[in-house]
Amino acid sequence: MTDRTEATATGDPTTAAEERLRRWRLVLGPDAADGTGYGLTGRDAAMDGALTALYGKGDKARQGRDRSAGLGASAPSVARWLGDIRTYFPSSVVQVMQRDAIDRLGLSTLLLEPEMLEAVEADVHLVGTLLSLNKAMPEATKETARAVVRKVVEDLEKRFAARTRATLTGALDRGARVTRPRHHDIDWNRTIAANLKHYLPEHRTVVPERLIGYGRASRSVKKEVVLCIDQSGSMAASVVYASVFGAVLASMRSIATRLVVFDTAVVDLTDQLDDPVDVLFGTQLGGGTDINRALVYCQSQITRPSETVVVLISDLYEGGIRDEMLKRVAAMKASGVQFVALLALSDEGAPAYDREHAAALAALGAPAFACTPDLFPEVMAAAIEKRPLPVPEAT
């Protein structure tokens, strides 16, 4: 494959044509690709077999329609297939194929077997699937499932923890502006801007008559953060990311963090924040949604409104009392709470969401938007500093 690709890059027309046929043959599958006249051998044939097992055509009655699956429901054959795709495809493609297999073939029940869990490529979406199966999971599988979830959580913590702490520590340090700062605490950009009228051309310098700076954050609690997470089935990835960020925030002494999950009931998981794996297994994905009830609880936990950030992560499909939900948000904002509404906290962008409720929140000064995990630290820093949120441009 490498030689063929390299030869194609050199401009050999014969090899380029052959490579195009090969790619079309892999894309179209065996039945639809008869017209290419191209046969696959070796590694290409094995790749084609793995693709056909998941996306290949089924019986004749379905030919010409959507591809149906040919993997079967046998655990040994699925285990072999999982091994094959990890051999022939990169990790990102493997994760997509696993999700497709779960969706198309109904293989969720096979994930209740420890052997299956040991064979899969762990990612955020797999964790969401495991959490949705948590109640049906036999004891023999639970420890394996926890190990899979822990691996994903640890990878996410390595990816986000250091930058999140650094970003929010900076925001907390800048939170208390002072007019007589110590030398190391002077904000030189703001100081120079405020003293430009005192510029001395003959000395080519500014004489600052007013210093602007900020006091360093002490070890005492400076801000309180409430993460309020919708645990309906469509929010699985958001629940995973929010739990990891909640644990990171909870590790910062200057931030008092509370984590609340809800469907039609409300559960406070704050006492489990030292281990996000415990948090995740304390959730129950699926069910209805009562945002208003969740906000009632969150509001009852706020003791310092002007120093509190409430982050609602939900697709806003409210099953409770809509008008009361909006009144609750308005009341929190009026008391000084910084209210952030995220339609999703994931890499996939905004899911389906209630646009009417999103518009109503925006009218209250709380724009609802999807946030990637990479952007989340900046969103939190802006909320802590009470400056405009970095809302991504709509696509």
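Student: Which residues do ring pairs link into a cluster here?

Tutor: Phe-160, Tyr-241, Phe-245 and Phe-376 are linked that way. Rings of Phe, Tyr and Trp (its six-membered ring) pair if their centres lie within 6.5 Å; planes under 30 degrees apart count as stacked, over 60 as edge-to-face and the rest as tilted. Bear in mind that this is a predicted model, where local features need pLDDT of at least 70, side-chain atom pairs count only at pLDDT 80 or more, and totals for chains, interfaces and linings use all residues. Residues are numbered from 1 along each chain as its sequence is written, and side-chain values use heavy atoms, with hydrogens and water left out.

Student: Okay, how many aromatic pairs does the structure hold?

Tutor: There are three aromatic pairs.

Student: Where do Phe-160 and Tyr-241 lie?

Tutor: Phe-160 lies in helix α8 (residues 139–173) and Tyr-241 in helix α10 (residues 236–250), so the pair ties together parts 81 residues apart in sequence. Helices (H or I, at least four residues) are DSSP runs, numbered from the N terminus.

Student: And what about Phe-160 with Phe-245?

Tutor: That pair is tilted, because the ring centres are 5.2 Å apart and the planes are at 40°. Again distant parts of the chain are linked, with Phe-160 in helix α8 and Phe-245 in helix α10, 85 residues apart.

Student: Why does Phe-245 count as buried?

Tutor: Because its relative accessibility is 1%. Buried means under 20% relative accessible area, exposed over 50%, and partly exposed in between (1.4 Å probe, protein chains only). Phe-160 counts as buried too, at 2%.

Student: Switching topic: which residues is Ser-238 in contact with, leaving aside its neighbours within four places in sequence?

Tutor: Ile-313, Ala-344 and Leu-345, where contact means heavy atoms within 4.5 Å. Ser-238 is in helix α10 and counts as buried, at 4% relative accessibility. A polar atom of the Ser-238 side chain lies 2.9 Å from the backbone nitrogen of Leu-345.

Student: Last one: is Val-27 buried or exposed?

Tutor: Val-27 counts as exposed because its relative accessibility is 53%. This residue sits in helix α2 (residues 13–32).

Note on methods:
Helices (H or I, at least four residues) and strands (E, at least two) are DSSP runs, numbered from the N terminus. A polar contact is a pair of N or O atoms within 3.5 Å; within protein, one must be able to donate a hydrogen and the other to accept it, and residues adjacent in sequence count only if both atoms are side-chain atoms.
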